[in-house]
Amino acid sequence: MSSLGQMVAGVAHEINNPVNFIHGNLKPIRDYSQGLLDVLALYQERYPDPGEVILDKVEEVDLEFVREDFPKVLSSMEIGTNRIRQIVVSLRNFSRLDEAEMKPVDIHEGIDSTLLILQNRLKPRRGEEAGIEIVKHYGQLPKVECYAGQLNQVFMNILNNAIDSMDGQEQPGVITITTELLDVTSSEKTEPIPHVLVRIRDNGPGMTETVRSKLFDPFFTTKPVGKGTGLGLSISYKIVVEKHGGQLSCISELGKGAEFHVQIPLYPGHQSLEPG
Ligand SMILES: Nc1ncnc2c1ncn2[C@@H]1O[C@H](COP(=O)(O)OP(=O)(O)OP(=O)(O)O)[C@@H](O)[C@H]1O
Ligand SMILES: [Mg+2]
């Protein structure tokens with residue numbers, strides 16, 4: 001997982017160039033093809049009786065349909081390339097590799113780009129009617145000083161687990177993401193410290209207390225061999241607790257879904273952190 005950010009950034013970079021070739025060429029294609037169609041229309045007007053060979057060809061290629069459909073095809077290509085460009089922006093946003101230092105970032109932007117990357121896993125699967133619904137309750141948050149790429153990896157791990165857990169269940173999957181600001185008082189002597197709390201809840205099967213108590217242990221997994229490494233949550237724990245001086249916890253009961261709490265101080269850099 002730790003090299004995921006690097007890989008994502010690499011892939012985004014590689015995709016960016018060719019997509020821009022295609023996108024950049026669509027405008028000239030639109031102009032050229034419009035020109036050709038105009039010339040064609042002019043020919044038809046000037047030479048209404050071009051002879052059998054041409055008339056046959058016109059029919060064979062279904063010229064009327066082509067004339068109508070051409071601009072539509074181009075538009076759909078434009079939508080497609082715009083979508084890819086958006087995804088590339090999100091991938092870069094997600095990895096934020098350029099940021100080796102803590103920077104103030106919009107946490108909601110991070111969650112949203114992580115969700116965009118997971119889009120594919122949220123859509124209905126074959127034979128299913130509904131995909132997984134995402135319900136957002138975003139509070140008013142100031143920018144949070146953090147390692148954005150790493151924090152996005154945490155959201156990614158938690159969301160992926162939630163999606164995994166709801167795999168094949170009967171009731172429609174719902175993931176609720178709630179964000180809020182809260183003051184945490186660690187001891188009576190110190191000032192309360194502002195924290196951001198992100199709660200990610202799923203309506204999956206939940207887990208037993210035994211599983212819950214081992215969640216953050218490295219290599220703890222209940223998934224079949226080859227499916228899970230059991231590292232997702234232990235890496236997330238390291239990122240939240242050691243790198244950001246925050247807390248990562250889970251509330252769950254069997255049959256009652258699971259809720260993960262990611263809590264980090266607004267200004268983690270200003271506190272003394274454990275080395276890590
Ligand atoms: N939302 C959830 N609902 C139910 N069980 C969960 C949930 N999230 C995590 N778990 C349990 O915690 C275990 C550990 O999760 P973790 O993300 O660390 O590893 P993994 O998902 O099994 O593998 P990896 O993330 O490395 O691919 C999972 O195997 C699963 O049993
Ligand atoms: Mg996992």
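These legends describe close-up views of a predicted model.

**View 1. Packing of helices α4 and α5.** Helix α4 covers residues 107-122, and helix α5 covers residues 148-165. The two pack at an angle of about 35°, and their axes are 9 Å apart. Their crossing is right-handed.

**View 2. Residues in the contact of α4 with α5.** On the α4 side, the contact includes Ile107, Ile111, Leu115, Leu118 and Leu122. On the α5 side, Leu151, Phe155, Met156, Leu159 and Ile163 are among the residues that take part. Arg121 of α4 and Asp164 of α5 also belong to the contact. By type, the contact residues divide into eleven nonpolar, five polar and two charged.

**View 3. Surroundings of ligand 1.** Ligand 1 is surrounded by 19 residues. The closest are Asn161, Thr221, Thr222, Lys223 and Thr229.

**View 4. Polar atoms beside the oxygen atoms of ligand 1.** The side chain of threonine 222 has an N or O atom 2.4 Å from an oxygen atom of ligand 1. For threonine 229, a polar side-chain atom lies 2.4 Å from an oxygen atom of the ligand. Glycine 232 contributes a polar backbone atom, 3.2 Å from an oxygen atom of ligand 1. On its own, ligand 1 has 600 Å² of accessible area, and the protein covers 89% of this area.

Note on methods. Residues are numbered from 1 along each chain as its sequence is written. Chains are lettered from A and ligands numbered from 1 in the order in which they are written. This is a predicted model: local features need pLDDT of at least 70, side-chain atom pairs count only at pLDDT 80 or more; totals for chains, interfaces and linings use all residues. Side-chain values use heavy atoms; hydrogens and water are left out. Axes are lines fitted to C-alpha atoms, for helices over the stretch in contact, and angles run from 0 to 180 degrees between N-to-C directions. Helices (H or I, at least four residues) and strands (E, at least two) are DSSP runs, numbered from the N terminus. A crossing is left-handed if the near helix is turned anticlockwise from the far one by less than a right angle, and right-handed if clockwise. Contact means heavy atoms within 4.5 Å. Ala, Val, Leu, Ile, Met, Phe, Trp, Tyr, Cys and Pro count as nonpolar, Asp, Glu, Lys and Arg as charged, and the others, Gly among them, as polar. A residue is near a molecule or strand if one of its heavy atoms lies within 4 Å of it. A polar contact is a pair of N or O atoms within 3.5 Å; within protein, one must be able to donate a hydrogen and the other to accept it, and residues adjacent in sequence count only if both atoms are side-chain atoms. Accessible areas come from the Shrake-Rupley method with a 1.4 Å probe; for residues, only the protein chains shown count as cover.
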